[in-house]
Amino acid sequence: MLVVELNDLKVLDTLADGFLIGVEFISSECFKQYKLEQTIEIINKIHERGKLAFIDATQIFHDQDLEQVKNILTHLKDADYILYNDLALIDLIDLEKRFYYSVTYITNKQDFSIVEKENAYTLLSPTLSFEELVSFGELDKAFLIGFGTFEIFHSRRPLISNYMKYRNTEYELANYQVIEEFRSEKYPIVENNGTKIYLNDYYYLGKELEFLNKNIILKTFDLKVEDVFRIVSIYSKALKTKDFIVLEDLEKLPLKLHKGLLLENSILKKEVKARG
Amino acid sequence: MGKVELLAPAGNLGKAKIALMYGADAVYVGGKQFSLRARASNFSITEIEELVKFAHTRNKKVYVTMNIIPHDSDLNNLETYLKDLERIKVDAIIVSSLYIIRKAKELVPNLEVHLSTQKSTTNVKTINYYQNKGVSRVVLAREVTLDEMKYISQNTDVELEVFIHGGMCSSYSGHCVLSNYMTNRDANRGGCAHSCRWNYSLVKNGEILPENYNIGSKDMMAARYIPQLIDMNVASLKIEGRMKSAYYLACVVRSYRMLIDEYYEKGKITDEFFAFIIDEIKKAENRETSVGFYDGIPGVCGQLYDNRTEIPTQEYVAFVLEYNKDKQMALVEQRNYLTVNDEIEVFGPNLKSQFIKVEQMLDFETNQSLEVARHPLQKFWINMPFEVTYGDLIRLIKNK
């Protein structure tokens, strides 16, 4: 299954099987966040196309937030799946709609086997290596991030506006990125109900996908619509024809792509191996 | 509800014993497997066993952290490890993985399971979820405010553990993989490179802003909130810092011990007493502090800007090994440069601060008089007009 983050309504015309919708107040992973009323309309449009609507509810919530979350989810009852990160939402979502989405927590088969019983779908951590992902096998109830950027830091603090105050400058809505002083990668940073930092550039699963789970999410973040169309088209073709070599065509796009930690072993792991 | 627990970290056996001697009711330590803080000198089973015996004879507890977010390869030997911990009578394990929770409940049902702050638990419903899995205590996320803690404590019967002192992640714990992507060190498996404390530039609409940008948090010091935490029946007050020195632990643990005991004894804490405690803590604390989220979401004052500001601490100069009543001298082990005529403060688990001038130092090996103790771990005798015991500490007040 191919699910695409909706960063523009035109993306509804891509070849995806489902669309991930960011919603104000409850979303964290999606850059573009729609108002509740808009979201209800978008769900209808998705269903008119015979496709699936996935809602991003991946914010971390405190007790006082949960009544509002409940209210929002009640209005979104027609959505097909709700992606959530905070386990408080389990009670608010029917089992057949639950999609446990945590970038960091599902890192082994044993934890997956517990969580999958409580959810329709579960995201496998994109921090896993290729060998680790292969070892999961192809699971109907698992999803992978196939393309794009995702959250790698989630703070409750307003880290941009605090900084602007410290520098005696006005905080303005803008596209912000951070660069570490000894590195060149630019990481998007967004202040919205806390502060989130996203992975630099565009992570992608290329020909490796042949050996991996075929339920994938394409994260579009700030991509131009024409690029989203191209990317969805390439993944769609690969999944239909099972010719995964075509995914390397993504490299031809004018985008900086990388494979994250997919082909890396962590230093810690190497140290452990060296110690025997 | 019993007296609140003061829970201290320990990176090795010596530090664990110091923390318990200085007033901690329990310590948490990492084993060789399953624990974060890979660089702390983590404990072998034999060392944990020795620590448990040391703690239990003093009616205190030992918790073992198993709070990595494990990959498959990390789970080897889990069953043996859990059974070992139960055999040596560890009081609880601190866990993040649902699988480790389940395995512990199946294999070692008498071992208490505490949920690590790595799961960033922020609300009652999530606590209920983990309670149903068999967790008896939840370490709340450091992002929970005092008002939120109050609500949670009134709406759950699970024991709550809260951080009161030490370093803070800038991100919700367990949700940050900056270190993984920037350095290939897995933050959730003990390899965190503390990327949130580095210097960054902020780019706004493609333009790099001229000054350094930082996202790091000041350390937490919640001394002023201890009475409220006790009143809301929080079970455990936790100090962070398995990498910190024995001196730091002794000072911080002792200060919070005094504060907690004062509140139980007198039912209130005066401003003077708070000031005294905060001053005591600052003697060991070398990083800027704030109150974290206790007062609400931190503003500018909670952040660490223009990084690498370290405040000099009062110097820890010697560790007391034994006392000779007849000679009125203490045998000590050197930790920092000390000279005759320096003014020092001596304090310990059962010793209120005493101030003296160094009048005489004798080398332990040669019995020769010393003007200066300059060698690390050098043993020497020092004049001491009052009785001291093993574990008492000496810090420098004033150089001659």
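The paragraphs below describe how the two chains of this predicted model meet and how several of their parts are arranged.

Chain B contributes 56 residues and chain A contributes 54 residues. On the chain B side, several elements supply at least two residues each: the helices α4 (98–107), α5 (124–132), α6 (146–154) and α7 (178–183), along with the strands β8 (200–204) and β9 (207–213). The top contributor to this side is β8(B), with five residues. Sorted by class, the side of chain B that touches chain A holds 26 nonpolar, 20 polar and 10 charged residues.

Strand β8(B) also takes part in a pairing that crosses from one chain to the other. Its partner is strand β9 of chain A (residues 176–180), and the two run antiparallel over five bridges.

The pairing belongs to an open sheet of six strands, whose order is β8(A)-β11(A)-β10(A)-β9(A)-β8(B)-β9(B), with antiparallel pairing. At the edges stand β8 (151–155) of chain A and β9 of chain B; each has a single partner strand, so one side of each has no neighbour in the sheet. On average, and ignoring direction, neighbouring strands here are turned by 25° against each other. Helix α5 of chain A (residues 159–166) packs on this sheet, where it touches β8, β9, β10 (187–191) and β11 (195–198) of chain A as well as β9 of chain B. The direction of this helix makes about 85° with that of β10(A).

Turning to chain A as a whole, its division gives domain 1, made of residues 2–149 + 202–275, and domain 2, made of residues 151–198. Their C-alpha centres are 23 Å apart. Nine residues of domain 1 and eight residues of domain 2 make up the contact between these domains of chain A. On the domain 1 side, five of the residues are nonpolar, three are polar and one is charged.

Chain B contains an open sheet of seven strands, with antiparallel pairing in the order β17-β16-β21-β13-β14-β20-β18. Its edge strands are β17 (351–357) and β18 (361–363), each of which pairs on one side only. Neighbouring strands of this sheet are turned against each other by 35° on average, with direction ignored. Within it, β14 (residues 329–334) and β20 (residues 379–383) of chain B pair in the antiparallel sense through five bridges, and B:Ala330 stands opposite B:Ile382 of β20(B).

The axes of α9 (residues 246–266) and α10 (residues 271–282) of chain B come within 8 Å and cross at roughly 165°. That angle is over 145 degrees, and α9(B) is therefore roughly antiparallel to α10(B). The crossing of α9(B) past α10(B) is left-handed. From α9(B), the residues that meet α10(B) are B:Cys251, B:Val252, B:Ser255, B:Met258, B:Leu259 and B:Glu262; from α10(B), they are B:Phe273, B:Ile277, B:Glu280 and B:Ile281. Seven residues of this helix contact are nonpolar, one is polar and two are charged.

Conventions: Residues are numbered from 1 along each chain as its sequence is written. Chains are lettered from A and ligands numbered from 1 in the order in which they are written. This is a predicted model: local features need pLDDT of at least 70, side-chain atom pairs count only at pLDDT 80 or more; totals for chains, interfaces and linings use all residues. Two residues are in contact if their C-beta atoms, placed from the backbone, lie within 7 Å. Helices (H or I, at least four residues) and strands (E, at least two) are DSSP runs, numbered from the N terminus. Ala, Val, Leu, Ile, Met, Phe, Trp, Tyr, Cys and Pro count as nonpolar, Asp, Glu, Lys and Arg as charged, and the others, Gly among them, as polar. Two strands pair if DSSP finds at least two bridges between them. Domain bounds come from an automatic or database domain assignment. Axes are lines fitted to C-alpha atoms, for helices over the stretch in contact, and angles run from 0 to 180 degrees between N-to-C directions. Angles under 35 degrees count as roughly parallel, over 145 as roughly antiparallel, 65 to 115 as roughly perpendicular and the rest as oblique. A crossing is left-handed if the near helix is turned anticlockwise from the far one by less than a right angle, and right-handed if clockwise.
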